[in-house]
Amino acid sequence: MPPRTTEAKQIFRDNIGRDNPVFVQVLGICSTLAVTNSVKNTFVMCAGLLFTLSLSNLTVSLLRRWMPSRIRMMVEVLIIATYVIIVDIALKAFYPEIWRQLGPYVGLIITNCIIMGRAEAFALSNPPGLSFVDGVAAGIGYSYVLLAIAFCRELLGSGSVWGVQVLGGWWENWAIMVMAPGAFFMLALFIWIVKGLILKPDDETKEAS
Amino acid sequence: MALLAKVVRKLLPMTRVLWALAPIAASSVYFFGWRALLLLVVVNAAAFAAEYAFTRRWKQPASAAVFVSGTLFALSLPPQLPVGMAVLGIVFGIVFGKMVFGGFGKNIFNPALTGRAFIYVSFGRHMTGQWVDPVEGSLGGFGAYAADAVTQATPCMALKAGEAVPLLHLLLGTTSGVLGGTSALLVLLGGSYLVWKKAANHRIVVGCLAGYLVMQAIFWSIGCAGVASPLHGLLAGSVLFGIFFYATDPVSGPTTQQGRWIYGAFIGSMSSLITVFSAWPEGTMFAILLANMFAPIMDHAIKAVTVKKK
Amino acid sequence: MKTKRSKASARLFMVFFMFSVTLVCISVVAAVHLGSRERVLSNEALYLRQGIMVAAGLKVPADSETILTWYDRCVTPLPDEENATCYEIRAAAQGPHQAVVFIRQGAGLWGTIEAVVGLDPSLTQFTGIAFVKQNETPGLGARIMESWYGEHIKGRVGGLSLVAEGTRSKDPAKLDAITGATVTSVAVRDLLNRLIEEAPAITPSTRMPSHAPTHH
């Protein structure tokens, strides 16, 4: 099915580039601020989000023909919550160390606007296969931005990457980088650089039209 | 000279501020050695470079205000601060406190304070934990590169801990503290010159002083723990420096006359409040940044009220 | 008439749909929960035991079997296994006392901090600490989980006061604070100070050889 694959490719390109959920749509900022002070935590958060997002997209899309539109949001939240609880329990059972660090944040995946946004904007009106692809693509678009921010913040704020000290004793940690304000500055810089250097103006006008 | 005019736009009020700061800068060298001058020069160069990197792309000269920001910033640093941190602070302050808003005249926050707050939060140990006493001897710091008599606390911290600090030392500035904030006398001198030349608005200054003294007097008279007497509190640390040189920044402050009174009183009372109840020994910086944030709303409210009255 | 009925049936379908989705979701969650329950509980028990071992100042072995046998042999929970708040540690089964470990709570920045804290048999010196529950800010308060922090509490005595991070004072009555996390540091300090004051009163002194003669 060539048209399908080109469509899927387009979805990937959009979510990673000019329709990126974080730096173009500016969604999911709460988690960007909360977890990006260490790469490890961010990675688990991204994996959890990728899982929840792709499967909730798939489920919503499967149910879309029968779902009464008046209660669709309730149903979506219910589905998302179910997947998030499964992530939470799975971490608790198999990765208790990570769960102990991330416990409160995993629950917060439910409130990530990207999941609800993709369900509403894409899964409700597209077939299951494509919706799943869209979920994965949006999840990856979210993840790489977060990981990039987390890399910078952990490096500057703690002198380490993935918990491994890479900068020597001469390095003076920037305490502000592990606090939430550091995420604001880092995200702003990221958006600034991406919009200033990489996204071309005609992309933006296309997006606006 | 022509080249200078091409890259720097002169502004009379800003030049006046620089004159007012000159004796304080000289005193910082006298108290803490030639390292103070090094910090001043490096910080100003970095500040100019940060601003010019933006204005060049806009095909404009940098404003002379950048040297005011740089000098004010340098004078508010602890004498022992590593040069790299100072540069980081001022570049951050200029870029995020000023240039992202569109450059001189459009900034919401005072750039020098933005930079200072950034490194204050980032490098707590260097910004609040390492102090030196002024260099001894008749030549003072003119005969030394850096002061090396390490001390634990500034007068502000001593006052907060309930110790007595002689008023004369605070007036003359023969105490530990930030480069330019130790000598209350010189700050008063420079500040008065600014008010006299109308480079600093007297409403803001009087509002600040009144707000601070009243608030501090209230806390002092009800006997809160760790509250200095209003006079001691005012002369110790950088309260006066903040009031005369930072709070009076015409760009980040309000533009209506009544707004300036409110703005001043807000800064003064908040300085006292933060100093007394927070973990920080000095609250003036945060008070001014908070007030910067509310300045547009103060103006807006006052304009709305006056329109209604008419 | 017809539209009315179809409206009613649409409503009924809505309720039915919501009900069945909820039922499926709850069943899935319940099944996952029950399926992993054993594992979660044994994880938690092992975690607590590791914590007790750290608090007693002992080196924690890598394999969980050794930890569990050590616990069965050398640890006496008080008052009983179910509601234990205090554990007596012996050097070997029936051997001399090595440490007393307490479970203690304190108010952190975002929630309760729960720690297992060990004291030497004379109840004057800390032998170690492990935090079993905390929701402090990652990168700031949550740094109490870092190993140096627990390590440097070893050998401290009561009446602790905080000094700046990195001081690593040799004074046993000083505790390094964590930069940028005043509330957390204060919470830990208070928790430790309170414990050392209260410990003699809550420990059944008869079981403590060093205290037994004076208390009876």
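Predicted model: local features only at pLDDT ≥ 70, side-chain atom pairs only at ≥ 80, totals over all residues.
**Figure 1. The side of chain A that touches chain C.** The contact (heavy atoms within 4.5 Å) takes 25 residues from chain A and 22 residues from chain C. The area buried between the two chains is about 2,200 Å², of which carbon and sulfur atoms give 78%; buried area is the accessible area (1.4 Å probe) that two parts lose on being put together, summed over both. In chain A, the residues that lose the most area to chain C are A:Leu78, A:Ile89 and A:Arg100, together 24% of what that side buries.

**Figure 2. An aromatic pair between chain A and chain B.** A:Phe185 and B:Phe96 form an edge-to-face aromatic pair, 5.2 Å centre to centre and with 70° between the planes; rings of Phe, Tyr and Trp (its six-membered ring) pair if their centres lie within 6.5 Å, and planes under 30 degrees apart count as stacked, over 60 as edge-to-face and the rest as tilted. A:Phe185 counts as partly exposed at 24% relative accessibility, whereas B:Phe96 counts as buried at 16%, where buried means under 20% relative accessible area, exposed over 50% and partly exposed in between (1.4 Å probe, protein chains only). Ring pairs link both residues into a cluster that also includes A:Trp170, A:Trp171 and A:Trp174.

**Figure 3. A stacked pair within chain B.** The planes of B:Phe48 and B:Phe67 lie at 10° and the ring centres are 5.8 Å apart, so the pair is stacked. B:Phe67 is partly exposed, with a relative accessible area of 25%.

**Notes to all views.** Residues are numbered from 1 along each chain as its sequence is written, and chains are lettered from A and ligands numbered from 1 in the order in which they are written. Local features need pLDDT of at least 70 and side-chain atom pairs count only at pLDDT 80 or more, while totals for chains, interfaces and linings use all residues, and side-chain values use heavy atoms, with hydrogens and water left out.
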